[in-house]
Amino acid sequence: MLANAPLNALRAIMEKEGVHAFLVPLQDVHQGEYIAERDKRLKWLTGFTGSAGMAIARTNDAAIFVDGRYTVQVAREVDLETFSHQHLHDHPPAKWLGENARAGDRIAYDPWLHTSAQVDAIEAAIASTGATLVPVSENLIDRAWDSQPDAPLGEVKAYPVELAGETASDRRAKIAAMVADAGADALAITLPDNIAWLMNVRGADVPYNPMPHSFVILSKDGSAQWFIDERKFGADRGDIDMAGVTLHAPKQFAAALTAAGKAGKTVWTDPNWSPVAAKQLVETAGGKAHLAADPVTLTKAHKNTAERQAMAAANKRDSVAWVKFLSWMDANAAKRAEAGNPISEIEAADRILEHRKEANQFLECSFESISAADGNAALCHYAPKAESQGTIGTDTIYLLDSGGQYLDGTTDTTRTVAVGNVSDEVKDRYTRVLKGHIALASARFPKGTKGHQLDALARLPLWQAGLDYDHGTGHGVGVCLSVHEHPQRIGKQVSDVALAPGMTITNEPGYYEADRFGIRIENLCEIVEGEDGFLELHDLTLAPIDTRMIDFSLLTKAEVDWLNAYHARVRDEMLPQVDGEVAQWLKEATKAV
């Protein structure tokens with residue numbers, strides 16, 4: 001079995017250390033969504049390549065926890081005879097440990113890879129079992145992984161002030177004032193996108209995320225200690241605003257936290273996004289940890305005028321790439337399938353990438369494109385591989401979820417298209433997804449509304465047919481930062497963050513039938529305020545929605561009117577950007593229905 005060799009190596013070290021279990025999260029020390037190759041410990045142990053998950057290795061058994069997006073994928077990638085499959089949210093690791101831990105068990109974990117909230121939840125769950133949670137000074141997998149890659153050294157560059165809308169010094173002063181107001185002496189920051197925003201820089205340590213791996217301790221007076229490998233800077237760093245900033249090696253971060261604790265300082269750490277090691281180091285040394293959400297996270301989400309304008313511009317250019325791609329698909333997919341030379345999933349993903357490269361300020365993809373035909377689209381985060389990819393044949397349902405990182409913004413869009421004929425069942429599901437998308441796009445809601453209060457709008461058409469989807473309805477998106485930006489979101493899970501003007505968020509209901517098809521319609525939107533003070537979503541994505549799969553008997557007049565109005569806007573704003581056959585296709589694709 002593929003998982004046995006790494007698991008056996010890990011168990012040998014567990015035996016040496018006298019521990020009975022070891023927790024293996026997907027996250028790295030920065031708690032970022034995308035991680036460097038050296039940090040892919042979960043993949044090394046289990047083979048799982050998704051973006052959310054965790055494993056627990058015990059002496060005689062093991063489990064892997066993934067959410068509903070990866071139900072099919074985990075079965076393909078992981079030996080489920082070795083690792084029992086558990087739902088990450090319905091039956092989370094803490095609950096599983098509470099049910100399975102035994103008296104005397106020593107459950108080991110790396111405190112740099114788990115947050116305070118995660119550790120607290122596990123300790124509460126095992127409190128009555130007689131087991132104990134044991135932090136380790138060196139990650140056990142790092143000790144077992146002989147060929148573990150080196151840490152990345154992507155180049156760090158200054159981010160243009162005209163796009164950021166304010167200087168890094170101003171940003172640090174603004175956040176420092178919040179630190180002082182909270183009664184803290186300093187703020188420990190570990191999230192890469194928060195640091196990139198605070199320092200007005202961008203980096204290249206991991207694909208899709210243009211931000212550097214580093215740490216920052218921001219003092220209440222606005223000065224900052226930046227723990228970053230100086231090899232990441234180019235020959236000239238003079239364009240980076242370093243006022244009040246001192247540079248230190250990353251390995252000195254722990255010592256700086258200990259020093260703050262010894263000085264009796266209060267250090268602000270985020271219980272949900274900072275490693276629990278930061279809290280433990282400060283408190284063990286005699287200081288105090290102020291546990292609250294990192295103030296950078298919410299401040300960053302409220303984009304200023306310059307950032308909003310930049311995001312709109314980037315998404316408009318990205319929409320041109322989508323129009324060109326969809327036109328190419330319509331012109332070639334069916335014809336090539338009938339000729340026995342179907343378009344492959346990788347070819348389709350490469351095609352939209354080429355169109356993005358034609359645009360100004362394009363840097364890279366914002367995530368690995370989900371280019372999926374038929375049953376592959378049922379895997380919400382599927383990525384085609386050369387040796388196993390699907391093709392777009394006749395009578396195919398094809399889904400592309402793809403985005404770009406531009407210097408002035410980040411994009412994320414999904415379209416599902418028909419190639420040939422589709423069944424009445426597919427039309428029904430597609431139309432219900434579209435109805436949910438329109439319901440959210442049309443919604444007007446008062447200030448203070450939170451994402452979970454809107455989520456049912458997008459699900460109701462599916463619920464009425466006894467159907468649902470197992471992922472969130474909307475996530476935040478950064479400005480040349482993370483394609484999944486916190487804290488704004490729309491989903492079933494209760495959120496304590498109100499949606500507010502200036503936030504960018506996706507609208508992406510879907511529906512999936514394992515091994516048969518997947519459907520999703522996604523636009524990136526900006527939350528805007530109307531004259532009456534109510535909020536609504538303003539579409540930044542301007543790409544035609546396939547009307548060939550719509551069962552119009554299910555649409556109301558208001559829904560048809562919305563679709564026609566959206567397509568009229570797409571046509572008006574995109575036609576000047578294209579010409580020839582693409583322009584003719586666009587006119588046909590956006591005509592009133």
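**First stop: a pocket**

Begin with the second largest pocket, whose volume is about 690 Å³. A pocket here is an open set of points on a 1 Å grid over the protein atoms alone, where a 1.4 Å probe fits, with protein on both sides within 12 Å along at least five of seven lines, and lining residues have an atom within 4 Å of a point; the volume is the space filled by probe spheres set on the points, which are joined across faces, edges and corners. Select Val 29, His 30, Arg 38, Phe 215 and Pro 250, which are the closest to the pocket's centre of the 24 residues that line it. By class, the lining holds 10 nonpolar, three polar and 11 charged residues, where Ala, Val, Leu, Ile, Met, Phe, Trp, Tyr, Cys and Pro count as nonpolar, Asp, Glu, Lys and Arg as charged, and the others, Gly among them, as polar.

This is a predicted model, in which local features need pLDDT of at least 70 and side-chain atom pairs count only at pLDDT 80 or more, while totals for chains, interfaces and linings use all residues. Residues are numbered from 1 along each chain as its sequence is written, and side-chain values use heavy atoms, leaving out hydrogens and water.

**Second stop: Gln 31**

Move to Gln 31, in the loop between strand S1 (21-25) and helix H2 (41-46); helices (H or I, at least four residues) and strands (E, at least two) are DSSP runs numbered from the N terminus. Gln 31 is not a glycine, yet its phi is positive, at about 60°.

Next select helix H15 (residues 424-442) and helix H16 (residues 451-463), whose axes come within 7 Å and cross at roughly 155°; axes are lines fitted to C-alpha atoms over the stretch in contact, with angles from 0 to 180 degrees between N-to-C directions. H15 and H16 are therefore roughly antiparallel, a term for angles over 145 degrees. Show Arg 432, Val 433, Lys 435, Gly 436, Ala 439 and Leu 440 in H15, which meet Leu 454, Leu 457, Ala 458, Pro 461 and Leu 462 in H16, contact being heavy atoms within 4.5 Å. The residues of this contact comprise eight nonpolar, one polar and two charged.

**Last stop: a cis bond**

Finally, select His 486 and Pro 487, joined by a cis peptide bond with omega about 10°. Pro 487 lies in strand S25 (residues 485-490).

Key:
Parallel < 35°, antiparallel > 145°, perpendicular 65-115°, else oblique.
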